[in-house]
Amino acid sequence: MDRNQLRRQVAHMRSSLIEQNYLDQQQFVQLEDLEDDSNPNFVEEIVTLFYKDSSRLFQKIDQALHSIPMDFARLDDYMHQFKGSSSSIGAIKVKNECTQFKECCLAGNAEGCSRAFQRVKQEHEALKRQLETYFQLRRQAGLVQRS
Amino acid sequence: MGVGAAEAQFHVLAVDDSIIDRKLIERLLKTSSYQVTAVDSGSKALEFLGLNDQDDQGTIAEAPSVSLNNQHQDVDVNLIITDYCMPGMTGYDLLKKIKESKFLKDIPVVIMSSENEPSRINRCLEEGAEEFFLKPVKLSDVHKLRPHMMKGTSMEDEADIKGVEEIQSPEKTRTQYNGFDVVS
């Protein structure tokens, strides 16, 4: 496949991720716009950071979900942090699941929180897989800058 | 000097407990040719600014690295941009401490928050914040910062910004925002 075809594939995948609400158009496009010759991998770097940090927060949330009694304020706080990061990288579906979780915290709904957390993790994982493919495609297309 | 002088010209201190948001704000600011120092808490910010957390009486003892008598300042920050929601010291607490400090009160402060809460916004603006940005912060938000950094300097005419960036010498910019009157 030649470079132009690969680049078209990248553009197509980006549009598709946006259309499917995995990613917020404005936020994600801005992230890509922040890349330049001296920072060609900014998006992948910040996404990698996001997944590293979310792993840390998920551990805390998991622990808090298993504590008796459940500390909803603490859970809400952790999720608030995670929601903020999701929003910063434009992860809409993930962010929406975070909102659901926070509503369960507010309502003191323990079971609701556990279920909502499962959904957060699912969306988080789904996005991760999509982005891994996306970044691989970008690398193959030799993209260091958005064309 | 050209680009070198422009990049060294304005120094922004960014405060955010989120590592992702720190990376983002740093990139946004650097793209706009600002020098950036990013810290993860209000207390680290105060430490960087030379303000001891406990002594905020605005006395000489509070800022040992700042000399009242000469024009040189160890820490030169032209603007502080801080997250509102942080553990320990919130962005609002940090804003208050800065505005209460004789040495730091003239440094413009901008607050960022993921919550669009009018009462919060008003509280910050009333306390002296120049702007309140809703997260995620955009490049268009960062563009709003320059006029605040220009205020109180001799270069208040925004139309001259581009020209000034080319000819501005580092020594002159260093005395811009140090919280006390410096007559060169």
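## Strand pairing in chain B

In strand S4 of chain B, B:Ile111 is the bridge partner of B:Thr82. The chain passes from S3(B) through helix H4 (residues 91–100) of chain B to S4(B), and this β-α-β crossover is right-handed. A crossover is called right-handed if, with the strands pointing away from the viewer, the path from the first strand over the helix to the second runs clockwise. Helices (H or I, at least four residues) and strands (E, at least two) are DSSP runs, numbered from the N terminus.

S3(B) and S4(B) (residues 109–113) pair in the parallel sense over four bridges; two strands pair if DSSP finds at least two bridges between them. S3(B) also pairs in the parallel sense with strand S1 (residues 11–15) of chain B, over four bridges, and B:Ile81 in S3(B) is the bridge partner of B:Ala14. S4(B) pairs in the parallel sense with strand S5 (residues 131–134) of chain B, again over four bridges.

## Basis of the description

This is a predicted model, in which local features need pLDDT of at least 70 and side-chain atom pairs count only at pLDDT 80 or more, while totals for chains, interfaces and linings use all residues. Residues are numbered from 1 along each chain as its sequence is written, chains are lettered from A and ligands numbered from 1 in the order in which they are written, and side-chain values use heavy atoms, with hydrogens and water left out.

## Strand S3 and B:Asp83

In a regular strand the side chains alternate between the two faces of the sheet. B:Leu79, B:Ile81 and B:Asp83 point one way from S3(B), B:Ile80 and B:Thr82 point the other way, and all are buried. Buried means under 20% relative accessible area, exposed over 50%, and partly exposed in between (1.4 Å probe, protein chains only).

UniProt lists B:Asp83, in an unreviewed entry, for "modified residue: 4-aspartylphosphate"; such annotations may be inferred rather than shown by experiment. B:Asp83 has a relative accessibility of 6%. Leaving aside neighbours within four places in sequence, its contacts (heavy atoms within 4.5 Å) include B:Asp16, B:Asp17 and B:Lys135.

## Cysteines

The whole structure contains zero disulfides over all chains, a disulfide being a pair of cysteine sulfur atoms within 2.5 Å. For A:Cys104, the nearest cysteine sulfur is that of A:Cys113, 5.1 Å away. For B:Cys124, the nearest is that of B:Cys85, 11 Å away.
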